[in-house]
Amino acid sequence: QEVTLCFKSDGGNLTLTAATGVNQTGNNTLLFEDAGDMIALRAIRSGANVVWRVMANDGVALSTV
């Protein structure tokens, strides 16, 4: 499974919080600030779990809540 999220129009910031981390660091908060910011995620198997991992990122700030 893959998903690509793109911030189409800048009307303020958009914060998306994932239930689990989207990278090895464990970042689960994605901040879109400008039109055109995008992130592509792919579901991969990690042990017994399926997790999201970042495949491409252009402008999306990642952090941990």
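**View 1. Side-chain polar contact between N28 and T29 in the predicted model.** The side chains of N28 and T29 are joined by a polar contact of 3.3 Å. N28 lies in the loop that runs between β2 (14-17) and β3 (29-32). With a relative accessible area of 13%, N28 is buried, because the cut-off for that class is under 20%.

**View 2. Surroundings of N28.** Neighbours within four places in sequence are left aside here. The remaining contacts of N28 are with L16, T17, A18, T20 and G21, and also with S63, T64 and V65.

**View 3. Pairing of β3 with β2 and with β6.** Strands β2 and β3 are antiparallel and pair over 4 bridges. L16 has L30 in β3 as its bridge partner. Strand β6 (residues 61-63) also runs antiparallel to β3, and 3 bridges join the two. In this pairing, S63 of β6 is the residue opposite T29. L16 and S63 are also among the contacts of N28.

**View 4. The open sheet β1-β4-β5.** This open sheet consists of 3 strands, with antiparallel pairing, in the order β1-β4-β5. The edges are taken by β1 (2-6) and β5 (49-58); each has a single partner strand, so one side of each has no neighbour in the sheet. On average, and with direction ignored, neighbouring strands of this sheet are turned by 25° against each other.

**View 5. The β4 and β5 pair.** Strand β4 (residues 38-46) pairs with β5 in the antiparallel sense, over 9 bridges. Opposite R45 stands V50 in β5.

Definitions and conventions
Residues are numbered from 1 along each chain as its sequence is written. This is a predicted model: local features need pLDDT of at least 70, side-chain atom pairs count only at pLDDT 80 or more; totals for chains, interfaces and linings use all residues. Side-chain values use heavy atoms; hydrogens and water are left out. Buried means under 20% relative accessible area, exposed over 50%, partly exposed in between (1.4 Å probe, protein chains only). A polar contact is a pair of N or O atoms within 3.5 Å; within protein, one must be able to donate a hydrogen and the other to accept it, and residues adjacent in sequence count only if both atoms are side-chain atoms. Contact means heavy atoms within 4.5 Å. Two strands pair if DSSP finds at least two bridges between them. Axes are lines fitted to C-alpha atoms, for helices over the stretch in contact, and angles run from 0 to 180 degrees between N-to-C directions.
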